[in-house]
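Here is a short tour for a reader meeting this structure for the first time. Please keep the sequence and the 3D view open while reading.

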Amino acid sequence: MFPTDVPLAHLGSSVLLLLQLLPPTSAFFPNIWSLLAAPGSITHQDLTEEAALNVTLQLFLEQPPPGRPPLHLEDFLGCTLLADDLFASYFGPGSPSRRFRAALGEVSRANAAQDFLPTSRNDPDLHFDAERLGQGRTRLVGALRETLVAARALDHTLARQRLGAALHALQDFYSHSNWVELGQQQPHPHLLWPRQELGNLAQEGDPTCSDCEELSCPGNLLGFTLLTSGYFGIHPSKPLGKCSHGGRFDQSSSQPPRGGINKDSTAPGFSPHHMLHLQAAKLALLASIQAFSLLRSRLGDSGFSRLLDITPASSLSFVLDTTGSMGEEINAAKIQARHIVEQRRGSPMEPIHYVLVPFHDPGFGPVFTTSDPDSFWQQLNEIHALGGGDEPEMCLSALEVTLPLEPPVVVPERPLVFIVDGLLQRVSVRIHGEVSSFWIRNPAGISQGPEEGQGSLGHTRRFGQFWMVSINDPPQTGTWEIQVTAEGNPRVRVQAQTSLDFLFHFGIPMEDGPHPGLYPLTQPIAGLQTQLLVEVTGLGLRGRPEDSLPHFSHVILRGVPEGAELGQVPLEPRGAPEQGLLVASLPPTLLSTAGPFSLELIGQDGEGRDLHRASPQPCTVVPVLLELSGPQGFLAPGSKAPLTLRIASFSSPQDLNLRTSVNSSFSLTSNLSRVRLEQNESAWGRLWLEVPESAASHSVVMVTVTALGREASPVPPTHAFLRLLVLAPAPQDQLAAPVHSSGPIFTSVSPTLRPSPLVTWGRAGRGLAGNPWWGTVGGVLLLLGLASW
């Protein structure tokens with residue numbers, strides 16, 4: 001009755017898609033943790049990341065990098081596409097994809113959170129359940145609109161949150177409806193367009209399913225051509241003759257007609273139509289690519305690059321010496337700056353901010369920052385040489401303003417130790433304070449003191465109370481020491497360039513709900529079993545055998561600022577090695593006390609030498625879980641929105657005061673100002689946010705709730721933040737297709753890509769088209785058009 005495969009036909013005007021073949025250990029379940037319940041499934045996380053890589057590759061192919069050769073399609077045929085390799089091909093060897101992967105992680109976690117947050121997990125409109133297809137489409141288009149507005153306002157955190165919510169609903173449509181069972185082989189042509197009718201929707205009195213008492217229900221849909229979706233739970237209740245979502249956690253599936261139609265996973269216990277999971281995943285992936293392409297067309301390449309942090313640097317800074325003797329040099333610098341700005345304009349290389357810092361004897365500034373290259377150029381033209389004084393020129397002061405600074409490290413009365421491995425270069429040691437002397441010693445025992453100029457280990461420069469030692473390349477591998485003698489507490493920072501780095505986040509396993517997965521946390525919670533997920537970046541896999549890759553074996557938690565080791569936990573790989581995903585289970589005993597700590601990854605490179613990587617920022621174990629959620633959508637001026645607050649303690653009794661804050665002119669009230677909790681006890685509160693009539697449309701409001709220990713309690717504060725968009729209601733045609741089109745149009749910026757036959761590459765030459773197998777190794781390239789349906 002059902003199609004056994006979805007052939008991916010050539011569809012019209014060409015758009016480049018690279019569909020990476022996913023390993024079988026990789027659902028429309030939330031994230032990688034879900035695979036413990038349903039191995040071999042495709043998750044929301046997989047679909048989101050694959051779609052983003054597709055559109056990023058298309059962008060790179062159409063926008064050649066300045067000063068570098070263009071990318072070629074044939075270089076990616078038959079390869080597994082990874083962010084590290086893609087960025088190295090476009091920006092140059094060693095170019096990190098860390099910021100891109102971090103931004104994409106925000107989108108993926110916001111996607112997964114839709115299955116866990118109390119305001120979204122049971123809302124049928126947000127999951128295309130209960131035949132709420134028209135309402136679901138309205139919410140989907142609304143979330144995409146909010147993504148655009150937030151991105152244009154440069155609030156990319158909120159934009160990524162709304163994008164994750166939109167992608168979750170879009171992907172759920174193909175798993176929760178009967179679109180696949182109707183034999184459809186392409187994404188729904190009208191789902192992203194609010195003015196187009198969905199068409200052929202099942203009505204309230206139309207029976208849709210027959211009874212199925214088995215876990216697997218391949219024939220329970222009645223013979224009809226109407227579009228329907230399954231009911232889940234008891235709200236809303238399932239009418240007679242209607243389909244259920246299905247699965248062990250769906251209460252409606254025990255009411256006739258029993259069974260269900262969801263295709264969330266490959267596991268019959270969760271998904272009665274598990275046999276169609278891969279077909280639904282293919283269409284959901286294509287639809288997700290459509291959504292990303294739509295955002296790219298609306299935001300432009302520069303705005304889209306900022307949304308996903310594709311640009312390798314968030315700021316482009318120019319520091320100009322404006323002393324009287326620098327007139328000719330300033331004119332030459334202006335010409336060069338104009339060339340740099342124009343070269344990057346409109347491309348993935350265009351930064352989010354342009355920063356201009358003039359400096360002169362003896363001061364610097366004013367600092368000028370803008371996102372508009374024309375405004376930057378106008379300001380640059382107004383800079384002229386000034387008369388200099390007799391004092392030394394303070395070059396470092398200008399640099400301190402424009403360069404990002406890592407948190408300083410307090411040096412105790414003992415040598416400070418750091419480790420240099422073979423993957424580090426351009427190591428620099430920076431010391432600030434009332435320093436009387438210092439020395440640096442390499443693993444061979446060679447030392448260098450504070451004398452300025454070239455020394456045995458590197459070049460030393462001094463600017464007032466600031467010292468910087470640039471270590472000679474290549475630095476000797478092993479353990480280095482720094483000893484500083486100074487008044488007060490000097491600050492020491494060691495920096496280096498490396499492509500090997502890591503991202504991390506925390507989560508709580510959720511195994512007792514309809515969608516098993518990992519509920520993302522911003523911080524670990526005292527007394528709660530927590531999972532640490534690590535994503536290693538910069539592995540540089542192309543052309544390297546697996547046994548030559550760096551690997552990390554365990555993670556050390558170290559107290560801040562004293563540096564005492566709190567414990568070690570082994571790291572376990574998840575998924576294919578090229579994904580660089582590692583998981584550590586942090587026991588409650590390790591997180592029993594609230595306070596800050598740092599993470600250090602320990603491992604070896606491909607030649608067996610020690611590797612050591614530390615997180616640049618400390619984490620904090622917070623005493624309670626503080627969860628703040630609000631309406632799934634925008635706020636209209638003059639409206640009043642309810643917010644939900646949950647606070648829970650898992651380690652010890654807590655007596656806390658709750659404080660709230662919001663943007664000025666907004667009103668926020670709460671029914672909960674103090675809470676006393678026993679261990680493993682929760683409390684719920686309600687807040688009301690009033691939006692004034694005068695609130696500006698397209699603005700962002702931030703709500704903050706802080707839980708504080710009473711009186712002299714040593715308990716550190718816990719914060720919860722909620723960002724909401726203020727937006728005036730708009731006509732339904734905000735995302736409508738152009739009037740000359742009957743469906744979505746995703747036009748290529750470059751006219752050089754012409755319609756092409758379908759190209760597929762897979763393991764042992766096996767292609768994706770005509771074959772339901774979702775490969776385990778390698779990749780597949782598809783040249784598809786997305787205009788004609």
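A residue counts as buried when its relative accessible area is under 20%. The model shown here is predicted.

## An enclosed strand

Strand E19 covers residues 581-586. Five of its six residues are buried, so E19 is largely enclosed by the rest of the structure.

E19 has pairing partners to look at. Strand E15 (residues 530-537) pairs with E19 in the antiparallel sense, over six bridges. Within that pairing, Val534 has Leu582 of E19 as its bridge partner. Strand E18 (residues 572-574) also pairs with E19 in the antiparallel sense, here over three bridges. Arg574 is bridged to Leu581 of E19. E18 and E19 form a hairpin with six residues between the strands. In that hairpin, Gly575 takes a positive phi near 80 degrees.

## A four-stranded sheet

Strands of a sheet pair through backbone hydrogen bonds, either parallel or antiparallel. Which sense applies to the open sheet of four strands? The pairing is antiparallel, and the order is E27-E25-E29-E30. Strand E27 (674-677) and strand E30 (718-726) stand at the edges. Each has a single partner strand, so one side of each is left without a neighbour in the sheet. On average, neighbouring strands of this sheet are turned by 20 degrees against each other, direction ignored.

E25 pairs with strand E29 (residues 699-709) over six bridges, in the antiparallel sense. Leu656 has Gly709 of E29 as its bridge partner. Helix H5 packs on the sheet and touches E29 and E30. The direction of H5 makes about 80 degrees with that of E30.

## Helix H4 against H5

How do helix H4 (residues 133-152) and helix H5 (residues 156-176) cross? Their axes come within 8 Å and cross at roughly 155 degrees. Angles over 145 degrees count as roughly antiparallel. That makes H4 roughly antiparallel to H5. The crossing of the two helices is left-handed.

On the H4 side, the contact is made by Leu133, Leu140, Ala143, Leu144, Glu146, Thr147, Ala150 and Ala151. On the H5 side, it is made by His156, Leu158, Ala159, Arg162, Leu163, Ala166, Leu170 and Phe173. By class, the contact of H4 with H5 has 12 nonpolar, two polar and two charged residues.

## Helix H4 against H6

H4 also meets helix H6. The axes of H4 and H6 come within 10 Å and cross at roughly 40 degrees. That makes H4 oblique to H6. H4 passes H6 in a left-handed crossing.

From H4, the contact uses Leu144, Thr147, Leu148, Ala151 and Arg152. From H6, it uses Leu294, Leu295, Arg298, Leu299 and Leu307. The classes in the contact of H4 with H6 are seven nonpolar, one polar and two charged residues. Leu144, Thr147 and Ala151 of H4 are among the residues in contact with H5, and they are also among those in contact with H6.

## Two cis peptide bonds

Most residues other than glycine have a negative phi, and most peptide bonds are trans. Which peptide bond, then, joins His235 and Pro236? That bond is cis, with omega about -5 degrees. Pro236 sits in the loop between H5 and helix H6 (277-307).

The peptide bond from Pro256 to Pro257 is cis as well, with omega near -5 degrees. Pro257 is likewise placed in the loop between H5 and H6.

Arg426 has a positive phi of about 50 degrees although it is not a glycine. Arg426 belongs to strand E7 (residues 425-441). Is Arg426 buried or exposed? At 54% relative accessibility, Arg426 counts as exposed.

Ser428 also lies in strand E7. At 7% relative accessibility, Ser428 counts as buried. Leaving aside neighbours within four places in sequence, Ser428 is in contact with Val469, Ser470, Arg493, Val494 and Gln495.

Ser665 is another residue other than glycine with a positive phi, near 80 degrees. Ser665 is found in the loop between strand E25 (654-661) and strand E26 (667-670). Ser665 is exposed, with a relative accessible area of 56%.

Terms used. Residues are numbered from 1 along each chain as its sequence is written. This is a predicted model: local features need pLDDT of at least 70, side-chain atom pairs count only at pLDDT 80 or more; totals for chains, interfaces and linings use all residues. Side-chain values use heavy atoms; hydrogens and water are left out. Axes are lines fitted to C-alpha atoms, for helices over the stretch in contact, and angles run from 0 to 180 degrees between N-to-C directions. Angles under 35 degrees count as roughly parallel, over 145 as roughly antiparallel, 65 to 115 as roughly perpendicular and the rest as oblique. A crossing is left-handed if the near helix is turned anticlockwise from the far one by less than a right angle, and right-handed if clockwise. Contact means heavy atoms within 4.5 Å. Ala, Val, Leu, Ile, Met, Phe, Trp, Tyr, Cys and Pro count as nonpolar, Asp, Glu, Lys and Arg as charged, and the others, Gly among them, as polar. Buried means under 20% relative accessible area, exposed over 50%, partly exposed in between (1.4 Å probe, protein chains only). Two strands pair if DSSP finds at least two bridges between them.
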